[in-house]
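Biologist: Please pick one part of this chain and look at it closely. Then connect it to the rest of the model in one go.

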Amino acid sequence: MPGYAVIGGMWGDEGKGKVVDFLAQDFQYVVRYSGGNNAGHTVINDKGKFALHLVPAGIFWSSVTCVIGNGVVVDPSVLMEELTTLQEASVDTSRLVVSERAHLIMPYHVALDQLEERARGSGAIGTTGKGVGPAYVDKVARVGIRVGDLLEATDEETFLPRLEQVLKHKNAIITKVYGGEPFLVRDIYRKCLEWEECLRPYIQPTEVVLQDAIARGENVLIEGAQGALLDVDHGTYPYVTSSSPSIGGAYTGLGIPPQSIVGSLGVFKAYCTRVGGGPMVTELNDATGEKIRELAWEYGATTGRPRRVGWFDAVAARYSANLNGFTSAVLTRLDVLDGFPSVKVCVGYKADGKIFDRFPASISLMSRCEPVYEEFEGWDQPTASARQMAKLPENAVKYVRRLEELIGVSIDIISTGPRREETVVNRPFVRR
Ligand code: GDP
Ligand code: IMO
Ligand code: MG
């Protein structure tokens, strides 16, 4: 019967990994549907600290089957490395399945991602450089190579001509447009054979696996990557990722019907962060921003880049909630704001002499917007590590309640630290 989705409410890094690791105990399946190893999902539990890039954060529960769905783009070298890291920490990875329809990130995608970014100069998107965008471009251009194709890699006569054709085109772009180094077909072919050998046991028709699980009434937890404001359709285009992190992406990225997702949880930080380029109305380029970044160690889990930091943007959050139909919200990193004399929330944008609360499509308009703030008294008592609402200081509760009103979704879970157990559940997310 039911699927529940955990979706990044903003620009990614909201704490989806922590939340999924916590929730996964009630699920038989935990599944990824979009993005690739541009994601970095941090999990801290009894097995250690992990930054997961491709493997769903349910892998630590022995009762959970993890699925990398067709909508994900997979760099097999990264996946193999991640599986080794997990195995070295005594995590059983045999319960992972990877869609035969998922597209591969090839070495030329990684090269193109970096060459394209360099060529953009001051207009760079600030991609993670992992080849994710170019792999999705090839998927849509119908020249991608899929995980399932690896199973036929040993059949040289079928596989090699396709690879040669694609590579001829890619090499022409790499060398003639960007002056880069060409790839040799035999090097890539050798890698494909290696990948086939390692990944063969994991490759399955995952849409069937999930449809069957849903028919049996098993619980499926859907793990979003990135966030709604990085969505290629709904985000701050062109400063977005190349996939659909919003709820819509889950249906196509998994091959499950709409009625199977009965709840969606929007994950929001108690303030905002963003990595890479693009407008961020509440960005703090001052000592407060620096203080939050250092206190919270806001540096990327994938690239190590410093994250841009700002106050909570309720205009963006409500836009995201409406887009995704969140049935619950989770607020993470509330503890980071402990001890601040006051905290602010952006409740409107001001530009060209007008105040409004609609999230604009125009990047130039958004870049001109100034935040309109509501200010709240801070709290001296810690929220850090609290596990019950009753333990939260009064002003922190007031802050949470006002955010609920502004987002228009009830905050059912509050995260008060990076560890699995540092979690307050106001209302169970999974309804029985
Ligand atoms: P994701 O990409 O959405 O999974 O988020 P990341 O893992 O990239 O970034 C979230 C960061 O916040 C990680 O370093 C987490 O360990 C940390 N984290 C998650 N929840 C909390 C919390 O409630 N409090 C604190 N202090 N850290 C948290
Ligand atoms: P998780 O799942 C934060 C950002 C990049 C860049 C833009 C495009 O950990 O929340 P890409 O490499 O996807 O072409 O880069 O998207 N970005 C993320 N920012 N968290 C992520 O993932 C991100 N994945 C991509 O910084 O601005
Ligand atoms: Mg992350």
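Modeller: S385 sits in the loop between β18 (370-377) and α12; helices (H or I, at least four residues) and strands (E, at least two) are DSSP runs numbered from the N terminus. This is a predicted model, in which local features need pLDDT of at least 70, side-chain atom pairs count only at pLDDT 80 or more, and totals for chains, interfaces and linings use all residues; side-chain values use heavy atoms, without hydrogens and water. Residues are numbered from 1 along each chain as its sequence is written, with chains lettered from A and ligands numbered from 1 in the order in which they are written.

The backbone of S385 has a phi near 70 degrees, a positive value in a residue other than glycine. S385 is partly exposed, at 39% relative accessibility (buried is under 20% relative accessible area, exposed over 50%, partly exposed in between, with a 1.4 Å probe and protein chains only).

Leaving aside residues up to four places away in sequence, Y399 touches A270, F312, L334, L337, V343, K344, V345, F376 and W379, a contact being heavy atoms within 4.5 Å.

R142 is exposed, at 76% relative accessibility. In the loop between β10 (220-223) and α8 (247-254) lies P238, which is joined to Y237 by a cis peptide bond with omega about 5 degrees.

Last, the metal site. D13 (OD) and G40 (O) coordinate the magnesium ion (ligand 3) at 2.1 to 2.2 Å; donors are N, O and S atoms within 2.8 Å of the metal (3.2 Å for Na, K and Ca), and the site may look incomplete because water is not among the atoms. The two residues are 27 apart and link distant parts of the chain: D13 is in the loop between β1 (3-8) and α1 (16-23), G40 in that between β2 (29-32) and β3 (41-45). D13 is partly exposed, with a relative accessible area of 22%, whereas G40 is buried, with 12%.
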